[in-house]
Amino acid sequence: MAVVPTDRAARDCIAAGQAVLGIEFGSTNIKASLIGADHEQLASGSHAWENQYVERTWTYSLEAVASGLQEAVAMLLADAEKRHGVRPQQFAAIGISAMMHGYLAFDQAGELLVPFRTWRNTSTGQASAALTEAFGVNIPLRWSVAHYYQALLDGEEHTSRIGHLTTLAGYVHQKLTGRRVLGVGDASGMFPIDSATGGYDAALGRRFDELAAASGASGRLFDLLPQVLPAGQDAGRLSPEGARLLDPSGTLQPGAAFCPPEGDAGTGMVATNSTAPRTGNVSAGTSIFAMVVLDAPLAFPHQEIDLVATPAGDPVAMVHCNNGASELAAWAGVFGEFAAALGSPADSEKVFSTLFAAALEGCRDGGGLLAYNYLSGEPVTGLQEGRPLLLRTPDSSLNLGNLMRAHIYGVFATLSLGMRILAAEHAAVEKMYAHGGIFRTAGVAQRFLAAALDVPVAVGSTAGHGGAWGIAVLAAYRLARAEQPQLELSDYLADRVFAGAAVNTVLPDPTDVAGYAAYLRAYVDGLSVERAAIHAI
């Protein structure tokens, strides 16, 4: 990777309107990243937000989307001015990314018909099962088509007035450009993609229309879905209205080129340079998921495995778990409060690093403790709802090291159950790349993930930038493809973005592998307690 630009080079890049902006709507943060010609981050901004549980539905309001977008961009503009002495007035390109899946239904006038139903909802069991059986392809609970079909099965009044369906990334992109399009990776979480054509699977589309007609739907599903575009394609330009939405002060100028909007899974693949066959990555946040780029089709459909696509359209096996590091973060918050109560307050980074260091001292199998991070339902283990639990046997050893090791193991437990299926399918992966805040403390979560998956796990120097940086790279690729139409995404990443990038790789430790395997056996047995808790509490 090229060296970090000088302050003068960065200032000139920003002043000339040549910097590239990436924005990602994550589950707990909206992040913005500004990059230069060598893909190094020049400035950043963020806005913290949380989903709301309203009438048994996980949702975000569109007002929160707009205000969070503006705050993240305002922080980035101010950061650029503070660090480089110039405030951006124009960008060369922009990319939008967001959490995948879910249900955003609009009428012909563009009005939202029902509150946004996010990926976290697990209320589509009937539709998911029916579509999986009819298609012969796994249709997960959180996919947009499952939400739509469930609404049809439930006879929801709004379904007769739907003008179009989209994802969160697609919605924001349309507000900024006027174009109703979607990157193929994000689109693959709405409806199955035909890898031969790069678009929605036409045969399955016809089958869906037949099923939907029986529930009173008219018209074609594909007329409701966004146009599918692979990475590097022209996805529009920043409109005057979009510029005012990003920057209400009116300083930001329209005209920036846009790449296709993508999902957070796709930007995670880009941020970890894992878009080529036999590469894979793990992204850990509110949810946790693994992506393995396939070099051959899976032999059978599996309820635990999604078949999605890279931003370039290559097939990917995805193990998606609804519950990631949120429960771990909650426990860290408690310890932070305790430190403050003792008169020794510490920031969150210090709290996490201290707790993670203690986990290294814990027993390899967690010492008889089990941690279930199920704040919401978990399809991989068949749970419609979640109950966070900490369990231990009477002869367990309750200490800080075991407690923290059990909680970190618990973040990876459900993921490793899904990955077992891919291993049985011989879906080869030579190395897993990891990114997310849990990996910031060196040598802990990375080591435990290597034990959980029994494969080498790499963390790159760019992984900490996350999906906002990843979608900025895709926006830069959009510019490069305009000049070199035959340039493949995997080659662009390998040769121009990650060449010479620092990567730290941890090999599985045999004693950790054995200890984690013992923990996981107990974890599977303890799921009966989790199921009982759902009915009892």
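Q: Why is the pairing of Arg56 and Glu385 called a salt bridge?
A: This is a predicted model, and in it the side chains of Arg56 and Glu385 come to 3.1 Å, N to O. The rule asks for a side-chain nitrogen of Lys or Arg within 4 Å of a carboxyl oxygen of Asp or Glu, so the pair at 3.1 Å qualifies.

Q: What makes this pair a tie between parts apart in sequence?
A: Arg56 lies in the loop between strand E4 (52-54) and strand E5 (57-59), while Glu385 lies in the loop between strand E19 (369-372) and strand E20 (389-392), so the pair ties together parts that are 329 residues apart in sequence.

Q: How many salt bridges does the rule give?
A: The count comes to 17 salt bridges.

Q: How do you know that Glu156 and Arg117 form a salt bridge?
A: Their closest N and O atoms are 2.8 Å apart, and the cut-off is 4 Å, so the label applies. Glu156 sits in the loop between helix H4 (144-153) and strand E8 (164-166), and Arg117 in the loop between strand E7 (104-106) and helix H3 (125-135); this links distant parts of the chain, 39 residues apart.

Q: Why is Arg117 called buried and Glu156 partly exposed?
A: Buried means under 20% relative accessible area. Arg117 has 18%, so Arg117 is buried. Glu156 has 22%, so Glu156 is partly exposed.

Q: What makes Arg447 and Asp512 a salt bridge?
A: Their side chains meet at 2.6 Å, N to O, and the limit is 4 Å, so the pair counts. Arg447 is in helix H13 (residues 445-453) and Asp512 in helix H16 (residues 510-536), 65 residues apart. Asp512 is buried at 0% relative accessibility, whereas Arg447 is partly exposed at 23%. Both belong to a network of salt bridges that also links Arg364, Arg405 and Asp509.

Q: Why is H13 described as largely enclosed?
A: Eight of its nine residues are buried, so H13 is largely enclosed by the rest of the structure. The buried residues are Ala445, Gln446, Phe448, Leu449, Ala450, Ala451, Ala452 and Leu453. After H13 comes Asp454, with a positive phi near 55 degrees.

Q: What describes the packing of helix H2 (residues 62-84) and helix H5 (residues 168-177)?
A: The two helices pack at an angle of about 65 degrees, their axes 12 Å apart. The crossing of H2 past H5 is right-handed.

Q: Which residues make the contact of H2 with H5, and what is it by class?
A: H2 brings Leu62, Val65 and Leu69, and H5 brings Leu168, Tyr171 and Val172. By class, there are six nonpolar, no polar and no charged residues. Leu, Val and Tyr count as nonpolar, so the tally follows from the names.

Q: How do you know that the buried residues of helix H1 (residues 7-15) lie on the same side?
A: Ala10, Cys13 and Ile14 are the buried ones here. They cover an arc of only 95 degrees around the axis, which puts them on the same side of H1. On the other side, Arg8 and Ala15 are exposed.

Q: What do the buried residues of H1 pack against?
A: They pack against strand E2 (29-35), strand E3 (41-48) and H2. Just after H1, Gly17 takes a positive phi of about 70 degrees.

Q: What makes Asn273 and Arg278 worth a remark?
A: Most residues other than glycine have a negative phi. Asn273, not a glycine, has a positive phi of about 55 degrees, and Arg278, also not a glycine, has a positive phi of about 75 degrees. Asn273 lies in the loop between helix H9 (264-271) and strand E15 (280-284), and Arg278 lies in the loop between H9 and E15 as well.

Definitions and conventions
Residues are numbered from 1 along each chain as its sequence is written. This is a predicted model: local features need pLDDT of at least 70, side-chain atom pairs count only at pLDDT 80 or more; totals for chains, interfaces and linings use all residues. Side-chain values use heavy atoms; hydrogens and water are left out. Helices (H or I, at least four residues) and strands (E, at least two) are DSSP runs, numbered from the N terminus. Buried means under 20% relative accessible area, exposed over 50%, partly exposed in between (1.4 Å probe, protein chains only). Axes are lines fitted to C-alpha atoms, for helices over the stretch in contact, and angles run from 0 to 180 degrees between N-to-C directions. A crossing is left-handed if the near helix is turned anticlockwise from the far one by less than a right angle, and right-handed if clockwise. Contact means heavy atoms within 4.5 Å. The arc is that of the directions from the helix axis to the C-beta atoms.
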